[in-house]
Amino acid sequence: MPTILIEGYKFRFYAQDPDEPPHMHVLRGEDDAKEWLYPVELECAYGYNSREVNRILDLTRQHQDELLEAWYGYFGR
């Protein structure tokens, strides 16, 4: 499973995800969030407080091109 580490957060997607729109699972410790990459939008979050969710969304916007490149590079679209 491809993983990109950004400021202590693991941005990851899974091989079984190609039929969904581009997205990332964001993990840190036991906390997990799923977010869409285009447009950047939170799908769900478990364990993160609102401040952390906002930070994750900000990081995603800052690294959106890199994250989309990883997604499309892996799935070949």
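Two strands count as paired if DSSP finds at least two bridges between them. Helices (H or I, at least four residues) and strands (E, at least two) are themselves DSSP runs, numbered from the N terminus. With those terms in hand, take Met24: its bridge partner in β4 is Glu35.

Before going further, a word about the model. It is predicted, so local features need pLDDT of at least 70 and side-chain atom pairs count only at pLDDT 80 or more, while totals for chains, interfaces and linings use all residues. Residues are numbered from 1 along each chain as its sequence is written, and side-chain values use heavy atoms, with hydrogens and water left out.

Now step back to the whole chain. It holds two helices and five strands, and from the N terminus on the order is β-β-β-β-β-α-α. The radius of gyration (taken over C-alpha atoms) is 11 Å, close to the 11 Å that the globule rule (2.2 Å times the number of residues to the power 0.38) gives for 77 residues, so the chain is as compact as a globular protein of that length. Its C-alpha trace spans about 35 × 20 × 20 Å along the principal axes.

Next, the sheet. The five strands form an open sheet in the order β1-β2-β3-β4-β5, with antiparallel pairing. Because β1 (3–6) and β5 (40–46) stand at the edges with a single partner strand each, one side of each is left without a neighbour in the sheet. Strands of a sheet pair through backbone hydrogen bonds, either parallel or antiparallel.

Let us walk across the strands. β1 and β2 pair over four bridges in the antiparallel sense, and Ile4 stands opposite Phe11 in β2. The hairpin of β1 and β2 has two residues between the strands, and Glu7 takes a positive phi near 50 degrees there. β2 and β3 pair in the antiparallel sense over three bridges, with Lys10 opposite Leu27 in β3. Strand β3 (residues 23–28) then pairs with strand β4 (residues 31–37) over six bridges, again antiparallel. Helix α2 (residues 64–75) packs on this sheet, touching β1, β2 (9–12), β3, β4 and β5 (contact means heavy atoms within 4.5 Å). The direction of α2 makes about 165 degrees with that of β1, where axes are lines fitted to C-alpha atoms, for helices over the stretch in contact, and angles run from 0 to 180 degrees between N-to-C directions.

What lies inside? Of the 77 residues of the chain, 40% count as buried, meaning under 20% relative accessible area, with exposed over 50% and partly exposed in between (1.4 Å probe, protein chains only). A nonpolar core is a set of buried Ala, Val, Leu, Ile, Met, Phe, Trp, Tyr and Cys residues joined through side-chain atoms within 4.5 Å. In the largest one, which has 19 residues, Ile6, Tyr9, Phe11, Met24, Val26, Tyr48 and Leu67 touch the most other members. β1, β2, β3, β4, α1 (50–62) and α2 each supply at least two residues of this core. Leaving aside neighbours within four places in sequence, Tyr48 has contacts that include Tyr9, Val26, Val53 and Ile56.

Is Glu43 buried or partly exposed? At 43% relative accessibility, Glu43 counts as partly exposed. Beyond its neighbours within four places in sequence, Glu43 is in contact with Lys34, Glu35 and Trp36.
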